[in-house]
Amino acid sequence: MRKAILAANWKMNMTVEETTAYLKTFLAETGDATDVEVVIIPPFTALAQASKLISASYSLKLGAQNMSAHKSGAFTGEVSATMLRELFVRYVVLGHSERRQLFGETDAVINEKVRAAHEAALKPIFCVGETLAERDGGQVEAVLSRQLRAGLAGLGHKEVQETVIAYEPVWAIGTGRNATPQQAQDAHAFIRREVAAVTDAAVADKVRLQYGGSVKPGNAAALLAEPDIDGALVGGASLDPRDFAEIVKAGKTAKSR
Ligand code: PGA
């Protein structure tokens, strides 16, 4: 059984003060449910405060939105894996389409970061996904295959198994237009087959795959009911603690069946 994983990617939102208020509300709504894993992914500046507030919770984990592939040194503006580990960060989002498109991160750079994360015992939430033009051009599988094989290159089987792979079609991110459960399931099944091809069937069976792109309380249950969707990476709707709590509950219900 794969444990469901619901993650809140706050992007460049939330001050320290807002983080405190959010987590108070969220913890009151959800309690400490150990049957699903919940990851809160604040901006760097709010990690320390979030870390303090969730330290008593067993099922709530902390994630970062990015990290440097380098260990330390003259890299102005960058944050290292060790700095994240010090704040009890467990997960790190890598290869998000906003990093790929707005900050020029290539498959090769993302692979360096994925490998650096594992070396530091941080689990990557590694994002892949096609643009609308690529989908319309019948390129979905080719794009996913390229991103997956490049991003996971050089990892051992255990590291692949401990990587969370997020399928985030670019056309569904922040647009209000989510992939249908069937479109998402098809992509997830393909990703699992690709993972089997680069590792083996046992790893592919255990690796957790998240869907991301306009997940909301109203569509989460249907998406999470699909057999190869093990969780969600939520942007916009995760900024409201009650909405995100509803999505977590939908995950619990869908995956306890
Ligand atoms: P969204 O973002 O939920 O706002 O579409 C998802 C993401 O970018 O992870």
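**Burial of Thr19**

A residue is buried when its relative accessible area is under 20%, exposed when that area is over 50%, and partly exposed in between (1.4 Å probe, protein chains only). Thr19 has 0% relative accessibility and therefore counts as buried.

This is a predicted model, in which local features need pLDDT of at least 70, side-chain atom pairs count only at pLDDT 80 or more, and totals for chains, interfaces and linings use all residues. Residues are numbered from 1 along each chain as its sequence is written, and side-chain values use heavy atoms, with hydrogens and water left out.

Thr19 belongs to helix 1 (residues 16-30); helices are DSSP runs of H or I with at least four residues, strands are runs of E with at least two, and both are numbered from the N terminus. Leaving aside residues up to four places away in sequence, Thr19 touches Trp10, Met14, Ala46, Ala50 and Leu53 (contact: heavy atoms within 4.5 Å).

**Helix 12**

The buried residues of helix 12 include Phe244, Ile247, Val248 and Lys252. Among the elements covering the buried residues of this helix are helix 1, strand 1 (5-9) and strand 8 (231-234).

**Ligand surroundings**

The ligand is surrounded by 13 residues, the closest being Lys11, His96, Glu168, Gly174 and Ser214 (a residue is near if one of its heavy atoms lies within 4 Å). A polar side-chain atom of His96 lies 2.7 Å from a ligand oxygen atom, and a polar backbone atom of Ser214 is likewise 2.7 Å from an oxygen atom of the ligand. For Gly235, a backbone N or O atom lies 2.8 Å from an oxygen atom of the ligand.

How values were computed: Polar contact = N/O pair within 3.5 Å; in protein donor to acceptor, adjacent residues only side chain to side chain.
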